[in-house]
Amino acid sequence: MKHIALYIHIPFCARKCAYCDFTSFPGKTHLIPAYLDQLEAEMRASAGRWGELAADTVFLGGGTPSLLTGGQMKRLMDGVRRWFTVAADAEITSEANPGTIDAAKLIAFREAGINRLSLGVQSFDDGLLRVLGRIHTAREAEDAVRTAADAGFTNLSVDLMYALPGQTMDQWLSTVETAMALPVRHISCYSLIVEEGTPMKAMAEASPACLPDEETAVVMQHEAARLLRARGFSRYEISNYALPGFESRHNLVYWRRGDYLGLGCAAHSLMDGERFSNTASLDEYLAGVRAYESEKLTARDVYEETVMLGLRTREGVPASILPAAALEKLTRAGLIAVNDDRAAVTEAGADVLNAVILALM
Ligand code: SF4
């Protein structure tokens, strides 16, 4: 039986955040029941196309999967178990927005089979949360983590963002400290990326000086890494830190280029060397259109993806696949270290990851 990571996209949000360019639609939660119908239809069709698939990990991302009610989550997970073989020890993650959960819903999510919760906190500073357009306060985010722990979640992750408009180093490190004082096992630290067409882009253009420069952003990352390391969180991927044994198994499949199947509006897949994706139009998806965009990867594509994704991780890539001359140059410069035929970026290399990758292309 083929083993995969299963991703399910839930594209509904309470409100659009100022920086967000994900496929997510505010104010459409009334469409969730019809969307779940389509997901079930897509699961059935996938089983027909791929045969029996073993889902070692399941990840509900978005959007805001925590907008589902407990009953809707049960229905979705019952469907997953009907159409896929889900291992008893599968990692089953749901992303959650702290402004959309309470104790009863989280208990229902646990009962539906969710055993890992990834909370989009972003900051524990109310002023910055307002700038980001988040629907929750810092206090609500802290309460959400504790409520999740009380509901029985032992595998909790929070997402944090740095290099935000007007953010000081103290504000950033205080957010990291607050996260580490909570019962979380995994922390993601993402630098803000100002995407075209977002309100954040307009804000950045109106007052460019409000954004920390690149050098400051790198120092913010270094300081956070230092604090996290001191508390036992190891940087296993460029933006991700975990206590031992709490690395995201699902995301490791992406970085290792394992097989994964994405269901739902705008979901991407990599199966048997072919990348394909669903329509990003919610109306089309609800009408039963899947509109695969598909790409059969060449050997060159596979090499480039392996390097781009693998060098994000602590485990790196097989040194033997890299061009010897470039590898030697990068090793001499202290940007890559090779151990047991695995080549991984050093801390200095992580700071200039794009340049390292470019040198290996
Ligand atoms: S909650 Fe997440 S997906 Fe939804 S708008 Fe905000 S950043 Fe985007």
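In which loop does V289 lie? In this predicted model, local features need pLDDT of at least 70 and side-chain atom pairs count only at pLDDT 80 or more, whereas totals for chains, interfaces and linings use all residues. Residues are numbered from 1 along each chain as its sequence is written. V289 is placed in the loop between α10 (282–286) and β14 (293–296), where helices (H or I, at least four residues) and strands (E, at least two) are DSSP runs numbered from the N terminus. V289 counts as partly exposed because it has 14 C-beta neighbours inside 10 Å; a residue is buried with 20 or more other C-beta atoms within 10 Å of its own, exposed with 12 or fewer, and partly exposed in between, the C-beta atoms being placed from the backbone. When residues up to four places away in sequence are not counted, V289 touches T279 and E284, contact being defined by C-beta atoms, placed from the backbone, that lie within 7 Å. The C-alpha atoms of V289 and C265 are separated by 9.6 Å, although these residues are 24 apart along the chain.

The chain as a whole has 14 helices and 17 strands. Its radius of gyration is 21 Å, close to the 21 Å given by the globule rule for 361 residues, so the chain is as compact as a globular protein of that length; the radius is taken over C-alpha atoms, and the rule is 2.2 Å times the number of residues to the power 0.38. Of the 361 residues, 40% count as buried. Among contacts between residues at least 6 apart in sequence, 69% join residues at least 24 apart.

The domain assignment divides the chain into domain 1 (2–254) and domain 2 (299–361), with bounds that come from an automatic or database assignment. The centres of the two domains, taken over C-alpha atoms, are separated by 28 Å, and 6 residues of domain 1 are in contact with 7 residues of domain 2. To the side of domain 1 that touches domain 2, strand β9 (residues 234–237) gives the most, with 3 residues.

Two strand arrangements were examined, with pairing assigned if DSSP finds at least two bridges between two strands. Strand β12 (residues 268–271) and strand β13 (residues 274–277) pair in the antiparallel sense over 4 bridges, and S277 in β13 is the bridge partner of H268. These two strands form a hairpin with 2 residues between them, and D272 in the turn has a positive phi of about 50°. An open sheet is formed by 3 strands in the order β15-β17-β16, with antiparallel pairing; its edge strands, β15 (317–318) and β16 (336–339), each pair on one side only. β15 is joined by 2 bridges to strand β17 (residues 342–345), in which R342 is the bridge partner of P318.

D341, in the loop between β16 and β17, has a phi near 60°, a positive value in a residue other than glycine, and D341 is exposed, with 11 other C-beta atoms within 10 Å. A163, in the loop between β7 (156–162) and α6 (169–180), also has a phi near 60°, but A163 counts as buried, with 20 C-beta neighbours inside 10 Å. The peptide bond from G62 to G63 is cis, with omega near 10°, and G63 is found in the loop between β4 (53–62) and α2 (70–83).

Definitions and conventions
Two residues are in contact if their C-beta atoms, placed from the backbone, lie within 7 Å.
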